[in-house]
Amino acid sequence: MIILLDEYDTPMQEAYVHGFWDEIVSFIRNMFNAAFKTNPYLERAVMTGITRVSKESIFSDLNNLKVVTTTSEEYTDCFGFTEEEVFSVLDEYGLSEKKQEVKDWYDGFIFGSRRDIYNPWSIINYLDTRRLGTYWVNSSSNSLIGKLIREGSSEIKIVMEDLLKGEAFQTAFDEQIIFSQLDQGADAVWSLLLASGYLKAEEAAFNPEQ
């Protein structure tokens, strides 16, 4: 048996926003134990999500986990369409003259050191309609991000305004999101925005002293 659990953390985000975090943690822990730990028929499993939840005991019953994040070098060309793939299909569809427009709209991701990764949902819809649009808007829930920005400090709001103007900033981030600490500092907000694709790390440096 092979299990694919897509967006495993979506119900956890909703639980955090709507105030039943403790209940979902207990449920998820028991479900993970039954599906991924004590399941005698399990051969392998893949879980996808935008947050790597740490220190919540959700994964305490599991072992041998392989974690790949936005800054990992593994599978960097597998989380979206590469520019070569996008430009090739534009040529095939007779849209070669639209390459720069498509790049301006949908070339938004960096995984590890691999740049120019395009949003697959947006590219597929653009090829279908041949119209530029914000196809990604309704493809995910933004309730957690909205809550953190609304309730965040003035510093967070100022930086968000700068980001909307196309500016960059330097910050520390932790790819192991701790939901119980999301409202205790700006670093957690930026870490979540990075993991969910709203921010991209132009240059990620590891400091062993931090």
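Guide: Start with a helix pair. This is a predicted model. Here helix 1 passes helix 6 in a left-handed crossing.

Visitor: At roughly what angle do the axes of helix 1 and helix 6 cross?

Guide: Roughly 35°, and the axes come within 9 Å. Helix 1 makes the contact with Gln13, Glu14, Tyr16 and Val17, and helix 6 with Ser143, Leu144 and Lys147. By type, the residues of this contact are three nonpolar, two polar and two charged.

Visitor: How do I read a nonpolar core?

Guide: In soluble globular proteins, nonpolar side chains tend to be buried together. In this model the largest nonpolar core has 27 residues. Trp21, Phe32, Ile58, Trp190 and Leu193 touch the most other members. Helices 1, 2, 6, 7 and 8 each give two or more residues to this core.

Visitor: Which helix gives the largest share of this core?

Guide: Helix 2, with seven residues. Apart from this core lies another, of ten residues, including Val89, Val102, Tyr118 and Ile123.

Visitor: What does Trp190 touch, leaving out residues up to four places away in sequence?

Guide: Ile156, Val159, Met160, Leu163, Phe169, Thr171 and Leu199.

Visitor: And the sheet? In what order do its three strands lie?

Guide: The order is 4-6-5, in an open sheet with antiparallel pairing. Strand 4 (81–82) and strand 5 (107–111) each have a single partner strand, so one side of each lacks a neighbour in the sheet.

Visitor: How many bridges join strand 5 to strand 6?

Guide: Three, and the two strands run antiparallel. Asp107 stands opposite Tyr118 of strand 6.

Conventions. Residues numbered from 1 in each chain as written. Predicted model: local features only at pLDDT ≥ 70, side-chain atom pairs only at ≥ 80, totals over all residues. Heavy atoms only, no water. Core = buried A, V, L, I, M, F, W, Y, C linked by side-chain atoms within 4.5 Å. Buried < 20%, exposed > 50% of the residue type's maximum accessible area, 1.4 Å probe, protein only. Helix = DSSP H or I, 4+ residues; strand = E, 2+ residues; numbered from the N terminus. Contact = heavy atoms within 4.5 Å. Axes fitted to C-alpha atoms, helices over the stretch in contact; angles between N-to-C directions. Left-handed = near helix turned anticlockwise from the far one by under 90°. Nonpolar A, V, L, I, M, F, W, Y, C, P; charged D, E, K, R; others polar. Pairing = 2+ DSSP bridges.
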